[in-house]
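Please read these points beside the model.

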Amino acid sequence: MADPNPARTFNDPEDPIIAATVPDHYSPLLDVDPPAGENSRRPLKGFLVILSGLLLVGLLMALIGKSGPSVSQKTDLTLNAPAESTNISAQFLEPVSRGPSAGVSEKSFRLHSGVRAPFPWSNTMLSWQRTGYHFQPEKNWMNDPNGPMFYGGWYHFFYQYNPDAAVWGNIVWGHAVSKDLIEWLHLPLAMVADHWYDTNGVWTGSATLLSDGQVIMLYTGATNESVQVQNLAYPADLSDPLLVDWVKYPGNPVLVPPPGIDDRDFRDPTTAWYGPDGKWRIAIGSKVNKTGISLVYDTEDFKKYELIEGVLHAVPGTGMWECVDLFPVSLKEDNGLDTSFNGPGVKHVLKASLDDDKNDYYAIGTYSLESGNWTPDNPNLDVGIGLRYDYGKFYASKTFYDQNKQRRILWGWIGETDGESADIKKGWASVQSIPRTVVFDKKTGTNILQWPVEEIKSLRKSCKKFDKLEVGPGSVVTLELEKATQMDITAEFEIDKEALKRIGESDMEYSCSTSGGSAQRGELGPFGLLLLADEGRCEQTPVYFYVAKGTDGQLKTFFCTDESRSSLANDVDKRIFGSTVPVIKGEKLSMRILVDHSIIESFAQGGRTCITSRVYPTKAIYGAAHLYLFNNATSANITASIQTWAMKSAYIRPYSSHAF
């Protein structure tokens with residue numbers, strides 16, 4: 001279809017779609033003016049020349065006890081044998097690519113090891129995979145979290161949604177509300193692809209709450225020519241606490257890609273922050289060649305924008321930045337801060353979702369209101385080359401400031417890692433992480449802490465304690481539980497002090513992902529918990545610590561999840577995830593794990609390192625799933641204290657006009 005406006009000024013007042021009317025009962029949020037013209041497309045020529053020079057310089061430089069419930073102990077620790085996959089005689093099918101051709105990241109899961117025959121999933125197996133207390137729609141596909149906020153006494157959550165199928169495509173905005181971030185009420189679709197400027201998708205966006213009570217929603221639309229543009233929407237009725245109806249600004253789009261930026265590399269506007277100059281600023285993700293960048297725009301009315309010279313930040317070699325987020329954290333207090341807050345005792349977290357490797361990276365630094373730039377505290381831990389929110393399956397995350405409880409809350413999209421045919425058969429795909437609070441880690445001063453929101457404890461039921469269990473090298477201990485598929489677990493570990501003194505220096509650096517997983521034995525690890533394990537442990541998902549002395553002679557602690565034996569199915573991803581975790585002198589090693597059927601969220605040392613996994617067992621489901629404590633170290637005893645809670649399912653209900 002030809003572009004009805006080949007000049008791409010996007011402001012034809014005769015276009016009947018652009019001239020859509022606002023409902024009579026709504027008092028317009030903003031005066032309806034034509035969208036910004038050339039001032040929305042301020043050239044990047046100067047910046048690109050400078051950036052090219054920097055990249056050249058960079059390239060040249062690169063060339064130069066026992067008081068708890070009964071347990072049984074086994075000494076035959078069979079962690080070394082690989083899982084035995086079931087061989088299926090079936091046609092090998094190439095997974096369909098979904099997303100890149102439309103100008104966004106790959107949405108289909110594609111096995112890194114090549115095409116495999118689909119596993120014959122039974123309805124019983126697939127039914128078990130649906131979570132009990134994580135947010136997900138009743139059916140079909142979901143991806144990025146959008147525009148989370150607290151308004152009118154309700155937490156609002158919007159999300160990328162395909163109302164027609166369990167695969168990516170036909171993206172609109174789903175909408176749900178909650179009083180506690182745990183139990184949800186689904187609402188009608190908030191926005192659908194019904195205008196030329198978003199006909200190919202109502203993509204990711206963010207909410208901004210103004211001091212006068214207005215709500216601004218900026219989102220990326222894919223036009224009829226698949227150009228990525230930014231659009232404005234707002235509630236039709238601010239007196240409705242559920243914000244069921246939304247209005248798209250008749251002058252959309254309000255921003256188009258500036259010169260020097262590709263039509264498909266301009267997306268995901270952030271929540272706006274307010275400056276001392278009386279202007280609002282937003283950031284948008286992009287790239288120049290292989291350098292990931294974030295552009296910044298000024299606006300006074302959210303209709304007209306001016307591109308700030310330079311960029312918020314740029315990191316060579318990181319590729320396209322999606323779902324950029326910038327927010328302040330307090331260096332002294334444990335509460336969250338409004339996005340516009342700045343001043344002494346504050347650092348800013350900059351996060352980007354990297355299209356190239358599908359991971360969310362963050363760094364801590366300083367944001368200058370005067371220059372509009374952000375600078376990392378440690379260039380070696382810059383965005384895309386340093387710390388990650390989560391070392392497992394976690395992407396396209398977004399935070400918001402919860403003014404109700406003065407905290408910053410993080411959402412993340414947890415995609416599937418099974419075959420698309422299984423998703424179609426079960427009728428849904430993807431879940432959202434449990435919302436996490438985010439604070440600055442005052443003990444280390446180098447990272448943030450993520451922790452499940454306190455409301456999740458409302459789902460806890462019966463508790464079992466296993467106190468000071470001593471586990472020798474090469475041992476497994478059965479933790480007797482009624483059910484082990486829907487749990488909240490906390491565990492603390494202490495290593496034999498004599499073993500710590502004896503440990504020798506290694507001639508190689510340990511790595512979770514490149515090691516042999518839980519089967520690779522060392523003097524001080526691995527040790528931890530075996531989750532979703534069947535009785536014979538043909539299937540199991542270990543979450544564990546591994547302590548090693550590096551080539552520098554210093555002890556390092558690693559936190560890992562090993563999916564290599566999580567399933568007998570041959571068409572699911574089974575990787576080993578993890579990273580180092582800082583441990584302060586005097587601290588015990590601690591972990592918290594949320595198990596909810598096919599998703600496992602793990603948090604080490606109060607949330608310094610987090611790992612999310614999707615697992616698809618075929619045997620270790622329902623009552624056949626068990627929990628074990630293990631120690632696969634070669635010479636160290638460990639002592640573990642564990643608490644487990646069975647978890648109720650959250651009440652997530654469909655919309656009804658009679659619900660209130």
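The numbered points below go through the aromatic pairs, the charges over rings and the sheet.

1. Basis. The model is predicted, so local features are reported only at pLDDT of at least 70 and side-chain atom pairs only at pLDDT 80 or more, while totals for chains, interfaces and linings use all residues. Residues are numbered from 1 along each chain as its sequence is written, and side-chain values use heavy atoms, with hydrogens and water left out.

2. Aromatic pairs. A search of the whole structure gives 32 aromatic pairs. Rings of Phe, Tyr and Trp (its six-membered ring) count as paired if their centres lie within 6.5 Å; planes under 30 degrees apart are stacked, over 60 edge-to-face, and the rest tilted.

3. Trp141 and Trp413. The ring centres of Trp141 and Trp413 are 5.9 Å apart and the planes stand at 65 degrees, so this pair is edge-to-face. It joins distant parts of the chain: Trp141 belongs to strand E2 (residues 140-151) and Trp413 to strand E21 (residues 407-414), 272 residues apart. Strands here are DSSP runs of E with at least two residues, numbered from the N terminus. Trp141 has a relative accessible area of 6% and is buried; Trp413, at 7%, is buried as well. Buried means under 20% relative accessible area (1.4 Å probe, protein chains only).

4. Phe157 and Tyr159. This aromatic pair is stacked, with 6.0 Å centre to centre and 20 degrees between the planes. Phe157 is buried at 0% relative accessibility, and Tyr159 is buried at 4%. Both residues belong to one aromatic cluster, formed by Phe135, Phe157, Tyr159, Tyr161, Trp184 and Trp411.

5. Charges over rings. Lys179 sits over the face of Trp154, 4.4 Å from the ring centre. The criterion is NZ of Lys or CZ of Arg within 6 Å of the ring centre and within 35 degrees of the ring normal.

6. The sheet. Six strands form an open sheet in the order E26-E37-E28-E33-E34-E35, with antiparallel pairing. Strands E26 (460-471) and E35 (609-614) are at the edges with a single partner strand each, so one side of each has no neighbour in the sheet. Neighbouring strands are turned by 15 degrees against each other on average, direction ignored; the axes are lines fitted to C-alpha atoms.

7. E33 and E34. Strand E33 (residues 589-596) and strand E34 (residues 599-604) run antiparallel and are joined by six bridges; two strands pair if DSSP finds at least two bridges between them. Met591 stands opposite Ala604 in E34.

Methods:
Helices (H or I, at least four residues) and strands (E, at least two) are DSSP runs, numbered from the N terminus. Buried means under 20% relative accessible area, exposed over 50%, partly exposed in between (1.4 Å probe, protein chains only). Axes are lines fitted to C-alpha atoms, for helices over the stretch in contact, and angles run from 0 to 180 degrees between N-to-C directions.
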